[in-house]
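Trainee: Hi! Could you walk me through a protein model today?
Mentor: Happy to, let's look at it together.

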Amino acid sequence: MRNKGKKGWLLKAVIGALTGFCNGVFGAGGGMIAVVALDDAAKLEQRTAHATALCLILPLSAVSIVVYFLTKTGDATSAWYAVPAFFVGGILGAKLLGKLSNVWSARFFAALMLAAGISMVAT
């Protein structure tokens, strides 16, 4: 990360807090916030921002899962049906990310965010 020193540490902490908040409130989206923040604010390359965001999301998701199930918000039965597909998709996506240029990675990510936004507004 190019931002070093006290200001860089504070920026990373703010990115982490915003990512965690979005992940907790929406159950998703924390990774998208993290990618954009790490790319734009922290000045990481696109692929590095994606990989770093994934490292952030795993512990955040674990915390969110515990809270959701303690508050009886989640549905474990439905989640277990999707878990094997998530693993397959995660492996394939990680392999593809390593082969994409930063430009194409950014384009695919932007298209996904746009499609998700349109879908949410349309429903």
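Trainee: Which helix does C55 lie in?
Mentor: C55 lies in helix α3. Helices here are DSSP runs of H or I with at least four residues, strands are runs of E with at least two, and both are numbered from the N terminus. Please keep in mind that this is a predicted model, where local features need pLDDT of at least 70, side-chain atom pairs count only at pLDDT 80 or more, and totals for chains, interfaces and linings use all residues. Residues are numbered from 1 along each chain as its sequence is written, and side-chain values use heavy atoms, leaving out hydrogens and water.

Trainee: Is C55 buried or exposed?
Mentor: C55 is exposed, at a relative accessible area of 59%. Buried means under 20% relative accessible area, exposed means over 50%, and partly exposed is in between, using a 1.4 Å probe and protein chains only.

Trainee: OK, new topic. What angle do α3 and α4 pack at?
Mentor: About 170 degrees, and their axes are 12 Å apart. Axes are lines fitted to C-alpha atoms, for helices over the stretch in contact, and angles run from 0 to 180 degrees between N-to-C directions. The two helices α3 and α4 are therefore roughly antiparallel to each other. Angles over 145 degrees count as roughly antiparallel, under 35 as roughly parallel, 65 to 115 as roughly perpendicular, and the rest as oblique.

Trainee: Which residues meet there, in α3 and α4?
Mentor: From α3 there are R47, H50, A51 and F69, and they meet A76, L97 and G98 of α4. Contact means heavy atoms within 4.5 Å. By class, this contact of α3 with α4 has 4 nonpolar, 2 polar and 1 charged residues. For those classes, Ala, Val, Leu, Ile, Met, Phe, Trp, Tyr, Cys and Pro count as nonpolar, Asp, Glu, Lys and Arg as charged, and the others, Gly among them, as polar.

Trainee: What about α3 and α5, at what angle do they cross?
Mentor: Helix α3 (residues 46-70) and helix α5 (residues 102-122) cross at roughly 55 degrees, and their axes come within 8 Å. That makes α3 oblique to α5. In this contact, Q46, R47 and H50 of α3 meet N102, S105, A106 and F109 of α5. The classes are 2 nonpolar, 4 polar and 1 charged.

Trainee: Where is K72 found?
Mentor: K72 sits in the loop between α3 and α4 (76-99). K72 has a positive phi of about 55 degrees, although it is not a glycine. K72 is also exposed, with a relative accessible area of 73%.

Trainee: Let's zoom out. How many helices and strands does the chain have?
Mentor: The protein chain comes to 5 helices and 0 strands. Its C-alpha trace spans about 45 × 30 × 30 Å along the principal axes. Buried residues make up 18% of the 123 residues.

Trainee: Last one: where is confidence lowest, and where is it highest?
Mentor: Confidence is lowest in helix α1 (residues 5-26), with a mean of 77, and highest in α5, at 86. Those are pLDDT values, the predictor's confidence in each residue, from 0 to 100. For the protein chain the mean pLDDT is 81, and 93% of residues reach 70 or more. Where pLDDT is low, the predicted coordinates should not be read in detail.
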